[in-house]
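Here's a quick briefing to read alongside the model. Have the viewer open and follow the topics in turn.

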Amino acid sequence: MNPFVWQRAAAISRKEVFHIIRDPFTLAAALVLPVFMVLIFGVAIEFNVKKVALVVSDADQTQSSRRLLDTFGSSGYFLLQHAGSPNDAIEDVTAERARAALIIPPRFEKDLYAGRGAQAQILVDGSDNSTVGPVLGYVGSIQTIASRRIGNFNSPNTYELRTRFLFNPELNSRWFVIPGITVVIMAILSILLTALTVAREWENGSMELLLSTPVQPLEIIVGKVAPYGALGLIAVTFVYIIARTVFGVPFVGNLAVFGLGCLLFLVTYLALGLLISVVTRKQVVAMQFAMMLGMLPTQLLSGFIFPVESMPAFFQYFTMLLPARWFMRIARDTFLKGSSLLDLGGAFLALLIFCGMMIFVATRRFKRDLEP
Amino acid sequence: MNRTLIGFIKKELTQTLRDKRMRVLLFVMPVIQLTLFGVAISTEVKNIRLAAVFDSKDTVVRHIYERSINGSWFIPARGSGQDPYKLVEADEADAVLVPPPGGFTRSLGRGDAQLQLLVNATNVLQAQAIEGYLKNIIQQTLQDDLNMSQAAPPIRISTRVLFNPALETSIFMVPGTLCMIMIITTMVMANIAIVREKEMGTFEMLISAPVSRSEVIYGKTVPYVILGMSNFPLVLAVAVFIFHVPMRGSLPVIFIAAFAFVCTAVALGTLISTYCKNQQQASLAGFLFMFPMIMFSGLMFPIENIPDAIRWISYLDPLMHYMGLLRNIMLKGGETSYVVTHISILALMAVITVIASFRRFHTTLE
């Protein structure tokens with residue numbers, strides 16, 4: 001095997017740079033797309049469930065029942081709409097016109113005054129789990145407030161729970177989402193940027209040309225990863241600026257640690273893209289692979305929204321094979337917790353291993369023969 | 001159907017399915033992925049590492065801690081007994097209970113009881129869930145320990161969860177991931193197949209061949225509708241038989257919904273393809289469309305929470321309508337007005353995208 005020659009790798013890089021510059025669409029996609037998406041989703045994603053459509057069937061129609069509705073309305077969590085019978089209310093939930101139904105039976109006020117305890121029922125739409133949990137939580141606190149306001153009942157408040165939400169004291173969804181979505185976008189974009197490059201050369205026949213030159217597989221891999229890696233780093237810088245200025249996400253960690261994580265992560269996914277490209281040799285197949293491997297697992301299994309710790313034991317180990325899971329930790333912890341390189345040692349080690357492995361395997365699988 | 005078109009479709013299908021890896025990608029991968037995600041993902045927060053700082057005399061805190069660990073949500077954190085803040089910072093614990101000096105039990109007697117809870121809030125959803133769980137557990141423990149026969153509140157609101165009483169994540173998640181997987185196999189496939197012919201120059205040949213323009217368009221799109229529709233029973237079977245997602249609605253209706261969606265997705269892919277010069281662009285454009293479609297579909301976070309100014313994006317998202325339809329038909333039996341409205345919306349989207357892509361196709365062919 002011939003030694004690695006930097007000039008040859010640089011030549012491949014230069015050619016790839018020309019390729020990127022000539023195709024402004026790719027250049028724009030790599031630089032503008034992440035910024036654009038972070039902007040949109042930074043605004044859009046909000047986990048504090050509010051404005052839950054609540055349909056009310058009030059069979060009592062008394063002052064007390066109306067005050068109960070007021071309590072629901074003024075909590076800020078619910079948007080009330082009215083229905084006739086309880087069945088109409090359930091029908092509204094079935095037809096997705098409401099997420100929950102509040103059924104107040106007749107005799108609500110009578111029971112209240114008689115001291116028998118007034119009953120009401122909330123029916124929550126279980127087909128949408130993302131609202132069920134919060135709604136069930138709100139109902140408890142509304143019951144307490146309503147009992148106090150309508151029934152003049154003061155629950156013996158025996159203790160006070162003071163919760164300190166560390167690293168995100170106001171539970172700001174943006175602080176949670178933006179570092180996470182950066183990871184997801186960078187992962188998918190890096191795979192897509194390189195997944196087609198080698199396959200394209202095979203399809204165009206320029207690979208045969210390349211193979212007749214003295215250039216080595218490792219030189220091709222390095223030469224192809226470098227320009228896209230630089231592009232990715234520029235994109236991350238833009239995203240970082242947006243996160244800090246537009247959304248006011250704090251960054252308490254060390255920028256160098258975050259930057260190192262970014263670099264390792266980008267190179268890992270770019271190399272994974274190349275590996276896909278080297279193995280498939282066909283752009284159509286490469287792209288399907290990239291979408292399947294890049295898009296869904298990074299969104300669903302990396303801990304972006306669904307915590308890895310809540311998964312069954314097998315998946316807590318299985319997701320260790322996902323570089324995005326490690327970088328998710330690095331990104332969140334450097335942004336919010338200010339973790340040092342030492343704290344994140346495990347995550348960095350894992351990324352480093354993946355990075356080396358991807359490049360190694362891609363180089364090994366890079367067949368120099370012309371047979372498909 | 002005329003013979004040219006049939007030949008065209010056959011050629012396209014053979015070309016796609018000839019590659020063994022493609023067959024695997026189209027028919028095996030979706031099943032594997034759906035199974036993986038269905039098993040892995042849980043919206044219920046579990047395995048929370050809890051630590052508590054207490055001495056042996058503080059029985060109430062000990063009971064709270066034990067009750068938490070014995071339940072299904074919490075597991076003990078390693079290295080209890082250190083500085084509580086450090087425990088969370090070093091990622092040894094997700095939550096730490098800190099009683100006041102002198103112990104929580106004694107402060108309860110004094111009447112100014114306070115209990116502090118430190119939660120790692122880097123994941124907002126997890127933090128909220130942890131606080132909710134612990135509030136409940138503390139309340140129950142206090143009732144048991146202090147024999148506080150709490151007077152029942154005068155107003156009681158009972159809750160019942162409809163359609164998914166056990167709140168099983170898979171029942172709501174699997175129909176969602178099913179939609180995500182289907183859009184990859186339809187929109188992306190159609191898009192890249194057309195761009196490939198453009199890039200390879202075979203498209204010019206097609207145009208000069210004695211086939212009409214609409215034959216070209218149908219010939220390039222119908223195969224992917226067929227592929228998408230043959231994919232659907234497969235993933236639906238996984239949802240129903242492996243994950244026991246109930247199928248309360250009618251099968252024909254759900255197939256009509258799937259058909260409307262697949263047509264929209266393929267037409268959208270075709271439309272995107274007219275703007276792409278090569279497959280690299282096609283893949284990036286696919287991402288540009290697909291990622292927001294997934295995020296705005298309501299799978300990851302509720303649509304109701306999106307600020308009004310950009311919520312309309314959700315209504316333009318075919319994936320949102322399709323996901324709503326699948327959930328409604330499977331879990332709720334398909335309420336007529338909802339199903340009709342949203343299938344019509346999907347159909348309208350399909351018609352508009354088909355017309356738009358026809359137009360674009362014609363102008364780009366000139």
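**Helix 7 against helix 14 in chain A**

In helix 7 of chain A, the residues Trp175(A), Pro179(A), Gly180(A), Thr182(A), Val183(A) and Ala187(A) meet Ala324(A), Phe327(A), Met328(A), Ala331(A), Arg332(A), Phe335(A) and Leu336(A) of helix 14 of chain A. Sorted by class, this contact of helix 7 with helix 14 of chain A comes to 10 nonpolar, 2 polar and 1 charged residues. Keep in mind that this is a predicted model.

- The axes of helix 7 and helix 14 of chain A sit 9 Å apart, and the two helices pack at an angle of about 145°.
- The crossing of helix 7 of chain A past helix 14 of chain A is right-handed.

**Helix 10 against helix 11 in chain A**

- Helix 10 (residues 217–245) and helix 11 (residues 255–280) of chain A have axes that come within 9 Å and cross at roughly 135°.
- That makes helix 10 of chain A and helix 11 of chain A oblique to each other.
- The crossing of helix 10 and helix 11 of chain A is right-handed.
- On the helix 10 side of chain A, the contact is made by Ile221(A), Lys224(A), Val225(A), Tyr228(A), Gly229(A), Gly232(A), Leu233(A) and Val236(A).
- Helix 11 of chain A brings Cys262(A), Leu263(A), Leu266(A), Val267(A), Leu270(A), Ala271(A) and Leu274(A) to that contact.
- By class, the residues of this contact between helix 10 and helix 11 of chain A split into 12 nonpolar, 2 polar and 1 charged.

**A sheet built from both chains**

- Five strands make an open sheet with mixed pairing, in the order 2(A)-1(A)-3(A)-4(A)-5(B).
- At the edges you'll find strand 2 (78–83) of chain A and strand 5 (155–162) of chain B, each pairing on one side only.
- From one strand to the next, the twist averages 25°.
- Strand 3 (residues 100–104) and strand 4 (residues 118–125) of chain A pair in the antiparallel sense over 4 bridges, and Leu102(A) stands opposite Ile122(A) in strand 4 of chain A.
- Strand 4 of chain A also pairs with strand 5 of chain B, this time in the parallel sense over 8 bridges.
- In strand 5 of chain B, Ile157(B) has Ala120(A) opposite.

**Helices on the sheet**

- Helix 6 (residues 129–151) of chain A lies across strand 1, strand 3 and strand 4 of chain A together with strand 5 of chain B.
- Relative to strand 5 of chain B, helix 6 of chain A runs at about 165°.

**Where chain A touches chain B**

- How many residues does the contact take from each chain? It takes 100 residues from chain A and 95 residues from chain B.
- Among the chain A elements that give two or more residues to the side touching chain B are helix 2 (24–44), strand 5 (159–166), helix 7 (173–195), helix 12 (283–300) and helix 14 (323–337).
- Helix 6 of chain A gives the most to the side of chain A that touches chain B, with 15 residues.
- That side of chain A divides into 57 nonpolar, 26 polar and 17 charged residues.

Terms used: Residues numbered from 1 in each chain as written. Chains lettered and ligands numbered in written order. Predicted model: local features only at pLDDT ≥ 70, side-chain atom pairs only at ≥ 80, totals over all residues. Axes fitted to C-alpha atoms, helices over the stretch in contact; angles between N-to-C directions. Parallel < 35°, antiparallel > 145°, perpendicular 65-115°, else oblique. Left-handed = near helix turned anticlockwise from the far one by under 90°. Contact = placed C-beta atoms within 7 Å. Nonpolar A, V, L, I, M, F, W, Y, C, P; charged D, E, K, R; others polar. Pairing = 2+ DSSP bridges.
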